[in-house]
Amino acid sequence: MDSNTNVVCGFLGGTILSVAGGYRVLQHPRPERVFDRIADARWFLAVSFCDHCPTPAGILNHEGRVSFQNEASLNLGETTFLPLEHRKAIFETCLTLSPGESTEYALERDRLLNIWGLEIDPRYGRVAIVQAQSSLMPT
């Protein structure tokens with residue numbers, strides 16, 4: 001009997017495949033790249049998801065810090081994209097979401113964010129993927 005267990009799973013529009021020595025992400029630009037831990041493969045896909053968003057997007061952790069932000073968010077400014085006074089409520093919102101579920105969060109009447117709560121790495125708990133619904137221009 002073969003004791004190897006093969007794993008294939010989808011995560012944020014990508015595919016993670018177990019291979020000898022770790023995990024491969026099919027969408028990785030270097031096909032030979034093998035991640036030691038599935039959490040590292042998930043992190044790559046989360047960053048890639050945000051990086052490919054045309055609107056400001058980032059990853060918010062439980063400490064209220066933006067762990068990653070895309071170019072649109074950098075151009076806008078981190079605190080314009082995710083004002084400090086909203087970060088705790090945004091993160092608390094992500095804690096209420098089921099896997100794969102998203103919700104809207106209103107910063108202001110005309111500024112909406114999409115939020116997903118994700119378990120990327122069990123050592124650090126849930127993170128919030130946050131994406132602006134449209135390009136925000138500083139006022």
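This is a predicted model: local features need pLDDT of at least 70, side-chain atom pairs count only at pLDDT 80 or more; totals for chains, interfaces and linings use all residues.
Reader: Which residues of α1 are buried?
Author: Buried residues are those under 20% relative accessible area. In α1, which spans 38–51, the buried residues are Ala39, Ala41, Leu45, Ala46, Val47, Ser48 and Cys50.

Reader: With which residues is phenylalanine 11 in contact, leaving aside its neighbours within four places in sequence?
Author: Phe11 is among the residues with the most contacts inside the largest nonpolar core. Once the neighbours within four places in sequence are left aside, its contacts are Ile16, Arg42, Leu45, Leu118, Glu119 and Ile120.

Reader: How many residues of the lining of the largest pocket are charged?
Author: The largest pocket holds about 210 Å³ of space. Its lining includes Trp43, His62, Tyr124 and Arg126, and α1, β7 and β8 each supply at least two of the lining residues. The lining divides into 5 nonpolar residues and 4 polar ones, while the number of charged residues is 3.

Reader: Is aspartate 121 buried or exposed?
Author: Aspartate 121 lies in strand β7 and is one of the residues lining the largest pocket. Leaving aside its neighbours within four places in sequence, aspartate 121 is in contact with Arg37 and Ala39. Because its relative accessibility is 8%, aspartate 121 counts as buried.

Reader: Why does serine 73 count as buried?
Author: Serine 73 lies in helix α2, residues 71–76. Leaving aside its neighbours within four places in sequence, serine 73 is in contact with Pro56, Ala57, Glu78 and Phe81. The cut-off for a buried residue is under 20% relative accessible area. Serine 73 therefore counts as buried, its relative accessibility being 0%.

Reader: What separates the C-alpha atoms of serine 73 and alanine 57?
Author: Alanine 57 is among the contacts of serine 73. Along the chain the two are 16 residues apart, and their C-alpha atoms are separated by 6.0 Å.

Notes
Residues are numbered from 1 along each chain as its sequence is written. Side-chain values use heavy atoms; hydrogens and water are left out. A nonpolar core is a set of buried Ala, Val, Leu, Ile, Met, Phe, Trp, Tyr and Cys residues joined through side-chain atoms within 4.5 Å. Buried means under 20% relative accessible area, exposed over 50%, partly exposed in between (1.4 Å probe, protein chains only). Helices (H or I, at least four residues) and strands (E, at least two) are DSSP runs, numbered from the N terminus. Contact means heavy atoms within 4.5 Å. On a 1 Å grid over the protein atoms alone, a cavity is a set of points where a 1.4 Å probe fits but cannot get out, and a pocket is an open set with protein on both sides within 12 Å along at least five of seven lines; lining residues have an atom within 4 Å of a point. Grid points are joined across faces, edges and corners, and a volume is the space filled by probe spheres set on the points. Ala, Val, Leu, Ile, Met, Phe, Trp, Tyr, Cys and Pro count as nonpolar, Asp, Glu, Lys and Arg as charged, and the others, Gly among them, as polar.
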